[in-house]
Amino acid sequence: MKHIHEAYDICVVGAGHAGCEAALACARLGFNTVLFTISVDSIALMPCNPNIGGSSKGHLVREIDALGGEMGKNIDKTFIQSKMLNKSKGPAVHSLRAQADKLRYSTEMRRTLENTDNLTIRQAEVAEIVTDDDNNIIGVKTLSGAYYECKAAVLCTGTYLNARCLTGEMVVYTGPNGLQAANHLTDSLKAHNVEIFRFKTGTPARIDGRTIDYSKMEPQYGDERVVPFSFTTDPESVQKEQELCYLTYTNEKTHEIIRANLDRSPLYAGVIEGTGPRYCPSIEDKVVRFADKERHQIFIEPEGLDTNEMYVGGMSSSLPEDVQIDMYRTVPGLENAKIVKNAYAIEYDCINPNQLYSSLEFKNIHGLFSGGQFIGSSGYEEAGAQGLIAGINAARKLQGKEPLILKRSDAYIGVLIDDLVTKENHEPYRMMTSRAEYRLLLRQDNADLRLSEIGHEVGLISDERYEYVLNKKKLIADEIERLSTIVIGANKKAQEVLSKYDSTPLNTGTKMIELIRRPELNYDALAPLDPERPDLSDDVREQVNINIKYSGYIDRQFKQVEQFKKLEGKKLPVDFSYDKVYGLRKEAVQKLNNIKPLSIGQASRISGVSPADISVLLVYMEQNRNEFK
Amino acid sequence: MSDSTIAAIATGTNNNGISIIRLSGDESISICDKIFKSVKNKKLTEFKSHTVHYGYIYDDDEKIDEVLVVLMKGPNSYTKEDVVEINCHGGFVVSYKILDLLIKMGARPAEPGEFTKRAFLNGRIDLSEAESVIDVINSQNDFALKNSMKQLSGYLFNIFDSIRKFLIHELAFIESALDDPEHFSTEGYPIKLREELIPHIGKIDKLIKSFNDGIILKEGIDTAIVGKPNAGKSSLLNLFVGYDRAIVTEIAGTTRDVLEEHINFDGLQLNITDTAGIRDTEDTIEKIGVNKSLECIENSNLILYVIDSSVPLDQNDEDIIKAVTDKKVIVLLNKSDLSQVVSEDDIKERLDCNVIPVSAKFNDGMEELKKLIREMFLSGDIKSNDEVFITNARQKDALVMAYDSLKNVIASIDDGMPEDFFSIDMMNAYDKLGLITGESVEDDLMEEIFKSFCVGK
């Protein structure tokens, strides 16, 4: 039988949020790339929540953008409401979240892919990976038998591998949204000694908007002044009419129905074998876990401009459909709700990410990279971030360059990948602000300042854009320097301005930067006392304000980073055999041999490696310095 | 490091009734077998672990001593290696003879702290315990030893551990509230946190303050005896030395012409420096003598200023008084048995100090001096209470950093900062306390430890 045989530089498997970023990065870096998807109509599909960003996820999108990825630009083109979250908290946890028009999000991304040079889109199910005798990836085979040669490949299969969806007792063997599952690749991976996990996640019902009584709910507005996700988007272009979301609550009655039917939930009845995310719990989980709570928040969010479907945020479930309808109808405003799509849980195969290096390359299959839900994460943004890094590193491998590995002190992306490849992970991994140790430095507002240099070096950020960032840095530094020389006298005008903000009047001349640090004041508020102030853009003024206002905290966090970098800087060879280190505990030896950490710092984060083990390692390194040069 | 078997006399060089010679390493038992004959005529290798054997040490056919040999096979020993302890009848000569024999049979003399190093490297003890053991080894008097033993028992560990547990619990709450504001409300939380933090900060503060006491216990009080020639410094010094001759050690000072005496003064160690130049050359180079005195004064914690009360104060005294103004000074009004021309009031007019009339001849005033020194240097009565002291500079540094961090948290709360700012400093305090308990690792720390263990080449 004759089969198609084609050759590419890089094969990307899956066109979800990870696959799109990976394919774009590879193609943009000049590599002939083919992107496989089970359905071209489901490119960049958002099968769950209709938004991009949110707490800590907004940071990821900003970082993707600063490195030259697509997600930020795509949501800026297709959002229908936008909001900066956590504004009452510190700048480290401010997070941008935008409601997407799902269909448009998908269409826009498809348009971008289709118009990218070096990029071929192919609808096909990849069934096998092909390697040579030295465990180098040399190609992939589709279900039809077609063979695609490649020098590197990126697997981003999302939730499609051996997927099944559960609604109560009803089980269907499909991927999300009724899409065809991919039932062959797992076997090929197993044959290549890849360890497979089984995870699950879930999504709530979609309800016909015409059957919702919004008058019983609290409307949720977008921000008056919208901030774009992408640093390249003109802020004026995103000021537009926004859609509403709504807030309502569950109640005792809702909880009663859930409790009475827990035995029909596949999760609680033990039908589901996969592990679900603790951080994105189903309503059943919430009712069981927070038994003392009288109510839980429910957000009703539009799925897009061209549909009546409304997403019921906070109420994902795998209860049977008859229970679902009763349950949803107990919620104020949903008394007469009609379900368009049932809530369901989905189970799928993914890999143990400890099998990957921090570059996202498989340790045992050279040239094979991966990212997204396939390596045990959850969320569009997490997937996009990993897809971008996997794509960049596949390209760098072909360029003969060192892989791009972001440190925990560089980016949330660094934290995300380090956690995945280093720590034990038994549930879909979700990014959270609490996971980032140095979050005051890793703010969403300074992602461009942190990462553009790296993006430029990689080749995804243009010279022009990079120069813009350098200039921005200079403007910020110059303004901070100028401000540090200004002293405000205790004159009448100063007292007037201060009294306007209920700030203590001045007794003597006071430094401008001291005034900016007062909790009730800020850089902009003091403009009337600063006639020489240059005209600066919103984002520059924001940086000036944050850097002055929180300088003490920022300095302390920098010190922590220095400490952290010392242990990160102690490099460990990947082929090092830990059996010979006398004094290491057996468990530690086994973990270290398995994870192959790149540094003492990474070794110290491996679950099962104790501080005493690290001390022993450090002593060993000290005694055998030559071996570690 | 497991390649060799080490041996050392474990009981110090004093004339004790029993001396213990300890071996650790793979060949401990076989090496000991070469010089030990059990009365049961069996080899040590044939015995079970944790047993005691009676017999004799032989050098070829010569019987050296009657001994008890304790057998502890790894990993159930202090170093987790095979350990043998030979209890002999003591005496400098016999202990060294046995040690020499062991070395001849293949053991290597242990470096200072090497048993502890092995225990640490083999995961038998954590860092704070290891450091305490080093302190035990280095401790020079009873109080310091007791204090080291207490650290060893994990008393300090428990204090730090409880503070760390508190911090991690609060951190978890703050982080949960950030990630799941729906289910974790921070309303009123800062005030509650502030209230609960204060006692922990107090505990840390107390331990930091104990450092000076701890150092004094461990290393002694650097004391200078000053005074013009003929005031009676030398006779006083002799009196101190004679006061407890049994534990006086005499070490030639590092500075030329300076003699340093270590005196155990009722449990407290005084490191007394007296400038030899003053003693011998009173007529010609008095000026040089005074200069020497000034140097001594600068480097001392305590000044014992000896004044001859039978002759009037002169320019020399005025110079000394000027030099000691900012120091802790005890004036010893000597020759109090003779008729006095200098009174206590004369001195107190010129100097803020304690004055004790003494008589070197009749041993008067010594009890009072002892009591006063204790009062000046130790906060509270050391002997009767259970206070634990921080005696290790690294531990103190870590504590100071933890203290500062928690103070920063209080400042953040008082400034009305959002909760997410608290966690930066709380995490810092948590990590720094972890450095002491060995639950966090920093590179600098390891460097320090390497130094005290003499690891590396």
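Reader: Which residue stands opposite B:Ile6 in S7(B)?
Author: B:Arg108 stands opposite B:Ile6. Strands here are DSSP E runs of at least two residues, and helices are H or I runs of at least four, numbered from the N terminus. This is a predicted model, in which local features need pLDDT of at least 70, side-chain atom pairs count only at pLDDT 80 or more, and totals for chains, interfaces and linings use all residues. Residues are numbered from 1 along each chain as its sequence is written, while chains are lettered from A and ligands numbered from 1 in the order in which they are written.

Reader: In what sense do strand S1 of chain B and S7(B) pair?
Author: Strand S1 (residues 6–9) of chain B and S7(B) pair in the parallel sense, over two bridges. Two strands pair if DSSP finds at least two bridges between them.

Reader: And what is the strand order of the open sheet in chain B?
Author: The order of its seven strands is S3-S4-S5-S6-S2-S1-S7, with mixed pairing. The edge strands, S3 (36–38) and S7 (108–109) of chain B, each pair on one side only.

Reader: Turning to chain A, is H9(A) mostly covered or uncovered?
Author: H9(A) is mostly covered, with 16 of its 20 residues buried. A residue is buried if 20 or more other C-beta atoms, placed from the backbone, lie within 10 Å of its own; it is exposed at 12 or fewer, and partly exposed in between.

Reader: What follows H9(A)?
Author: A:Gly400 follows, and its phi is positive, near 75°.
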